[in-house]
Amino acid sequence: MGYHVSDANSYLVVTGGGIQDVKIVKKAWVWPWQRHSRISISPFDFEITLQAMTVEKLQFSLPAVFTIGPDDHIDALGKYAKILTGKTATSSAKREAAATGRGHVQDIVKGIIEGETRVIVSGMTMEEIFKERQVFKTKVIENVQSELNQFGLRIYNANVKELQDTAGSEYFKFLSRKAHEGASNQAKVDVANAMMLGNIGEAEKRGRTRQEVSKIDAQTAVLETQRKSEKAKADAELATTQVKLDMGINLANIEANRNAEAKDAQLQREVELERAQTELERRRATDLVHAKIERESAQQQADARFYAQSKDADGLLYKQQQDAEAGYLATVKGADALVYKQKQEAEANLYRATKEAEAAFIAAKKEAEGITEKAKAYGHMASVLGGPQGLLQYLLLKSNTYEKLAKANAQAINGLQPKISVWNTGDQSTNGGGGGDAMASIRNVLQGLPPLLSTVHEQTGMEPPSWLAKMSPGGEQGPSQAMVKGTEVGGKVNGVEGNM
């Protein structure tokens, strides 16, 4: 038991009673039933020389330096403490050494870096690795970091050095020699071009001298021939050297391809062996777990049967007691329920009657308010439409009253087939020569009676009194005809008197 405090670059890992999993703290009380250890979060440099192969089956060596350490977060430190610390510890001193030594951590990191780097390199060409060095470095860091997250580790820095040839491979050596030879050959070509320019200038000068002295012309011709021979010889040597260099590069490529294929076959065989061994161990573990589960299941079934039989006996006794108590309680509760039901029904009837009265009052009140508001609206409309008559016309038009009246009148006279008679009683100006006729008003009244009486008789069947007129049956002369004739004779009504 004691109070422990960690250094600035480390944490305390406490386990034991009262702690669910692990506890990562800077300081804590550690009780006798608990254990503690320290983990350092200081990063460390990890150098690795990786043997990889590109997509063209070119094998090379990739030296790199990684700066790796635990991530300074509680979740990451918990993973680091549970997975990577105290692997071979048997005492407190050994546990602290294992937590800070990081020997097995380096083995794990090395395996992750080698695996992820080989995966990336296997999908790239040698030219892509050279030209996109930063992209290659970024891919390696991202893939390795994604795998290290499960161990609570973090990459603080990564430095990929220059690529190198592996044992038995001289790819980069030949590549460097090719660049060197190319530069040398170009220098030779530049020297030859300079010599050619000098020779041409010299030939021009000598040509001018040859025009004057024939002897100098002969020497100039010999010199030109010698220069051409030397140039041809130099060109032949250059072509021979180039052919030899190309042949050496091709042989190196063929040898590298064969070595790569052999190495790939060997790695495939090792992977298959490891996979078969892993599958064997997995099946053994599965069979052991199944046997243990079956044994525990049989034990639990036996315990369950004993427990069920005991509970059945207890349940039977408890059921009999509960049945007796339930009978008594049912009788008491039945009486209480009947009284409570009657009381609730009475209260419900009273509440319903009250609410119905309130609803009727509110409905009447709302109806009155609606009529009042409608009357106000009609008043405003009357003032806009020019008075009550304008409002009445608007309401009749809005409700189609005129149209309804027209339809009703049309339906009322539909099928009556009225008989229309046109009577002509003659020209009033014939009597008296257009002068003042004292009997004209009386004559006009008497002339209107025959058509009126005839129309009433035809439509209703009613006859006028005998003292006023007599309707002639058939085609005989009626009172109307007599009156017409009477108007034709000197303005007298003798025809009417004779027929009456």
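**Reading the fold**

Tutor: Happy to. Start with contacts: among those in the protein with a separation of 6 or more, 60% are between residues 24 or more positions apart. Keep in mind that this is a predicted model.

Student: How many helices and strands are there in the protein?

Tutor: The protein has 12 helices and eight strands. Of its 500 residues, 21% count as buried.

Student: Which residues touch the most other members in the largest nonpolar core?

Tutor: The general idea is that nonpolar side chains tend to be buried together in soluble globular proteins. Here, the largest nonpolar core has 40 residues, and Phe66 and Leu153 touch the most other members. Elements giving two or more residues to this core include strand 7 (59-70), helix 5 (133-148) and strand 8 (153-160). Helix 3 gives the most, with six residues.

Student: What is Leu153 in contact with, leaving aside its neighbours within four places in sequence?

Tutor: Among its contacts are Ile68, Tyr80, Val109 and Leu148.

Student: And how do I read a sheet? In what order do the three strands of the open sheet come?

Tutor: Strands of a sheet pair through backbone hydrogen bonds, either parallel or antiparallel. In this open sheet the order is 6-7-8, and the pairing is antiparallel. Strand 6 and strand 8 are the edge strands, each pairing on one side only. Between strand 6 and strand 7 there are 10 bridges; Thr49, for one, has Pro63 in strand 7 as its bridge partner.

Student: Which helix packs on the sheet?

Tutor: Helix 5 does, touching strand 7 and strand 8. Its direction makes about 160° with that of strand 8.

Key: Residues are numbered from 1 along each chain as its sequence is written. This is a predicted model: local features need pLDDT of at least 70, side-chain atom pairs count only at pLDDT 80 or more; totals for chains, interfaces and linings use all residues. Side-chain values use heavy atoms; hydrogens and water are left out. Helices (H or I, at least four residues) and strands (E, at least two) are DSSP runs, numbered from the N terminus. Buried means under 20% relative accessible area, exposed over 50%, partly exposed in between (1.4 Å probe, protein chains only). Contact means heavy atoms within 4.5 Å. A nonpolar core is a set of buried Ala, Val, Leu, Ile, Met, Phe, Trp, Tyr and Cys residues joined through side-chain atoms within 4.5 Å. Two strands pair if DSSP finds at least two bridges between them. Axes are lines fitted to C-alpha atoms, for helices over the stretch in contact, and angles run from 0 to 180 degrees between N-to-C directions.
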